[in-house]
Amino acid sequence: MKTSIKLILVTLLLTGSLSAQQSDYARYVVNVLASDSLFGRGYVNDGDKKAASFIRDQFIEFGLQPVGDSYFQNFSIPVNTFPDSIFLSIDGQDFKVGQEFHVLPGSSTLEGEFKILFVEQDEIFNPSILQRKIAESAGKILVLDEYPDSLLTPEKRTRLNQIQQFLTRHPNNPAAGTILLISEKLTWYGTQFEDAVSSFQLRKELFDPESEKVSIKLNNEFIEDYQTQNVLGLIEGSNPDSVIVLMAHYDHFGMMGQAIFPGANDNASGVAMLLSLAQHYSDHQPKHSIIFAAFGAEELGLIGSKYFVDNPPINLSAIQFILNFDISGTGGDGIQVVNGSVYRSEFDHLVDLNRQNGLLPDVRIRGAACNSDHCNFDRINIPGFYMYTLGGIRAYHDVNDRAETLPLTEFDDYFRLMTLFIDSIE
C-alpha cells in the first residue's frame, strides 16, 4: 500500500501541478474508503476498523505523530447491525434491499410468512378504523400507506409521527412487523438501540393494495459494547503550544444485509480533504500545531467527537480554531459554512480569500447548527466552522453514494482555499 502511494505522489510531482496532485490523491482516498472491501465503514466485518487502519497508515506515511501513545483513541458504543442476508417478498415478488426497501435501523429479528393488513391513506386519521386495524394486526404485517405531505397540517404531521413511532418501535404494537410505504428517496441512518418491532420502508409504487402475503427473513445482531476508535495525528507547528484541529468523520452505515452503503461523499470525501491537508502540511510546517482528527461514530450521534472532547488528549484551551469537513465531493454551487454568522469576521476573511484568488463559485453563510462533529466543540465555546460542498449529485445516506459517481468538482479549489485560510489564522 505504501509503495503504491509513493508511486502516485512521485508521478504527480513530475507530471502535474499541486492542485492536480491533490485531486488525484483525493480520488485515490475516496476509492479506497468507499470500496466494497471496507463494507461501508460500519460495524459489520470490521469495516470501521479497516477504514481507521487505512487512515492511520496515511498519517504514518506523511510523518504525522500520534497524539499521546497511539494514533487510535478507543471507545465503545452500542449498535444494532444486520450482518446476514435480508429477504422481503410480497405475493412472490422479491424486492431488492437497499434499492427498493430499507430495514429501519432499530429492527429486531423476524422470519416467516405473514398475512398483510393494509391501512389505507384515508384510514390513517380515522381513530376508530386505525385502532381496530391495529388490534387485528396480531401475527400479521401491518402496511401503512403514505399520507401526502402537501395535506399534512402541523397537527396531522405530529399525529402521523406518533402513529409511525408506535408502529415501528413500541413493544405494545401487536403486529408481527410494520411496513411503511414511501414515495421519496430511501434514506438510511444508524442507531444505538434495538426496537421490539421489525419495520421496513418500501417504495409505494411497488406495493399492490390487494397483496395478501409477505415473506421475510431478517436477522439483527445488537452489540452492546462494540469497540471502535478515533484516529488522531499531529504535525507540530512553529508555535507548538497553539493548536488547530482539522476533522472529518470516517464512519458510515456499513451494511444492511447484503446491501453496502459506500459513503463516498459522506464522508470519504471529507477524509480525503483531511488527508490531503495532512500531506500538504507534512511538507509545509504550519504556524500552529495541527491535530488531524478522523472521528468515528458520527453517524450514531456524534459519539467520537464527544469522546475526544470529554477525554481530551491535549489541553483544549490551546485550540485556536477547528475546521470540520463533511460532504466535500461536489462544489459546483460552492460551499456552505455553518457557524459563519457566529464567527463573522473569520467568515468574511474566508470570503475575501476566495474572491481574491478566484476559487469557489460561492461561499455561503449559515448560523449555528448541531449537525456534525463540530457541535461538541461548539458546546465548550471552541470557535470553528463546519463546511460542506453544494450542488451536483443527490446521493446521500443510500447505496448510490458511490466513488465512481462522485465528481470531486471543486476539490482542488476548495483545498487551496483551506490552505490559505489555515495559514492566515493568527
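Guide: Let us begin with a term: two strands pair if DSSP finds at least two bridges between them. Please bear in mind that this is a predicted model. In strand β11 (residues 221–235), the bridge partner of Ile-77 is Tyr-226.

Visitor: How many bridges join β2 to β11, and in which sense do the two strands run?

Guide: Strand β2 (residues 72–81) is joined to β11 by nine bridges, and the two run antiparallel.

Visitor: Which sense of pairing links β11 to β1, and over how many bridges?

Guide: Strand β1 (residues 65–66) pairs with β11 in the antiparallel sense, over two bridges. Here Gln-65 stands opposite Leu-234 of β11.

Visitor: In which sense does β11 pair with β15?

Guide: That pairing is antiparallel too, with five bridges between β11 and strand β15 (residues 288–295). Val-231 stands opposite Ala-294 in β15.

Visitor: Let us turn to the helices. What describes two packed helices?

Guide: Two quantities are used: the angle between the axes and the distance between them. For helix α8 (residues 344–357) and helix α10 (residues 411–424), the angle is about 130° and the axes lie 10 Å apart.

Visitor: Which residues of α8 and α10 meet?

Guide: From α8, the residues are Glu-346, His-349, Leu-350, Leu-353, Asn-354 and Asn-357; they meet Leu-417, Met-418, Leu-420, Phe-421 and Ser-424 of α10. Sorted by class, this contact of α8 with α10 holds six nonpolar, four polar and one charged residues.

Visitor: At what angle do the axes of α6 and α10 cross?

Guide: Helix α6 (residues 264–283) and α10 have axes that cross at roughly 55° and come within 11 Å. The two helices are therefore oblique to each other, and α6 passes α10 in a right-handed crossing. On the α6 side, the contact includes Ser-269, Ala-272, Met-273 and Tyr-281, while residues from α10 include Phe-411, Tyr-414, Phe-415 and Met-418. By class, the contact of α6 with α10 has nine nonpolar, four polar and one charged residues.

Definitions and conventions
Residues are numbered from 1 along each chain as its sequence is written. This is a predicted model: local features need pLDDT of at least 70, side-chain atom pairs count only at pLDDT 80 or more; totals for chains, interfaces and linings use all residues. Side-chain values use heavy atoms; hydrogens and water are left out. Axes are lines fitted to C-alpha atoms, for helices over the stretch in contact, and angles run from 0 to 180 degrees between N-to-C directions. Helices (H or I, at least four residues) and strands (E, at least two) are DSSP runs, numbered from the N terminus. Contact means heavy atoms within 4.5 Å. Ala, Val, Leu, Ile, Met, Phe, Trp, Tyr, Cys and Pro count as nonpolar, Asp, Glu, Lys and Arg as charged, and the others, Gly among them, as polar. Angles under 35 degrees count as roughly parallel, over 145 as roughly antiparallel, 65 to 115 as roughly perpendicular and the rest as oblique. A crossing is left-handed if the near helix is turned anticlockwise from the far one by less than a right angle, and right-handed if clockwise.
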